[in-house]
Amino acid sequence: MSFEQINNEDSKRPEGRNCILVYGYNSEEISMIKKFSLDRGIDECVIVTDDMLGNKIKDIIDNNIIPVKYKTGVKSKTIVFNALSNKEVHSFINLFKDTGLKKPIYAVATPTSVKWQFGELIKELIKEKMSMSKH
């Protein structure tokens, strides 16, 4: 993965389905996340289930889902942003703590990451998080 400095004031939305992909939360938590995201102007909250982990992120975003089991070995709470501006992502992350929910691992769908299986993305994000916590 690569990191780049983002402009937190950039309010231009990229093309595509304006949504977040949510994994690892229970139904009560999902209801809270849906309300929270709608209040932030996010059109949809797509719930990713265990039988979707083998699907590519692009296929989930495009609603071309085929049940494919994928064993990550970890059920990490994850939120992936798609077609949100940098400002929206920054605001979402900063205000999410106000929900009282456990902080997820965050990612933004990129031209590279949309080709990955959702389960692979989670594993990569966990590796990154562990690597960064060691520094």
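## Helix α1

Helix α1 spans residues 27-39, has 13 residues and reaches 18 Å from its first C-alpha to its last, close to the 18 Å expected at 1.5 Å a residue. The expected span is 1.5 Å times one less than the number of residues in the helix. Helices (H or I, at least four residues) and strands (E, at least two) are DSSP runs, numbered from the N terminus. This is a predicted model, in which local features need pLDDT of at least 70 and side-chain atom pairs count only at pLDDT 80 or more, while totals for chains, interfaces and linings use all residues. Residues are numbered from 1 along each chain as its sequence is written, and side-chain values use heavy atoms, with hydrogens and water left out.

The buried residues of α1 are Glu29, Ile30, Ile33, Phe36 and Ser37. Buried means under 20% relative accessible area, exposed over 50%, and partly exposed in between (1.4 Å probe, protein chains only). Seen down the axis of α1, these buried residues fall within an arc of 125°, so they line one face of the helix; the arc is that of the directions from the helix axis to the C-beta atoms. Exposed residues Ser27, Glu28, Lys35, Leu38 and Asp39 are carried on the face turned away from the buried side of α1. The cover over the buried residues of α1 includes β1 (19-23), β2 (44-48) and α3, where contact means heavy atoms within 4.5 Å.

## Aromatic pairs

A search of the whole structure gives 8 aromatic pairs. Rings of Phe, Tyr and Trp (its six-membered ring) pair if their centres lie within 6.5 Å; planes under 30 degrees apart count as stacked, over 60 as edge-to-face and the rest as tilted. Phe81 and Phe92 form an edge-to-face pair, because their ring centres are 5.1 Å apart and their planes are at 80°. This pair links distant parts of the chain, with Phe81 in strand β3 (residues 78-82) and Phe92 in helix α3 (residues 86-96), 11 residues apart. Phe81 counts as buried at 1% relative accessibility, and Phe92 counts as buried at 0%.

Phe81 also pairs with Tyr106, and this pair is stacked, at 5.7 Å centre to centre and 20° between the planes. Tyr106 lies in strand β4 (residues 105-108) and Phe81 in β3, so the pair ties together parts that are 25 residues apart in sequence. Tyr106 counts as buried at 18% relative accessibility.

Ring pairs join Phe36, Phe81, Phe92, Phe96 and Tyr106 into a cluster. Phe36 is also one of the buried residues of α1. Over the ring of Phe36 sits the charged end of Arg40, 4.1 Å from the ring centre. A charge sits over a ring if NZ of Lys or CZ of Arg is within 6 Å of the ring centre and within 35 degrees of the ring normal.

## Cysteines

The structure has 0 disulfides, a disulfide being a pair of cysteine sulfur atoms within 2.5 Å. The cysteine sulfur closest to that of Cys19 is in Cys45, at 8.9 Å, which is too far for a bond. Cys19 counts as buried at 0% relative accessibility, and Cys45 is buried with a relative accessible area of 16%.

## Lys103

Lys103 is in the loop between α3 and β4 and counts as exposed, at 62% relative accessibility. Lys103 and Ile93 are 10 residues apart in sequence and 9.0 Å apart in space, C-alpha to C-alpha.
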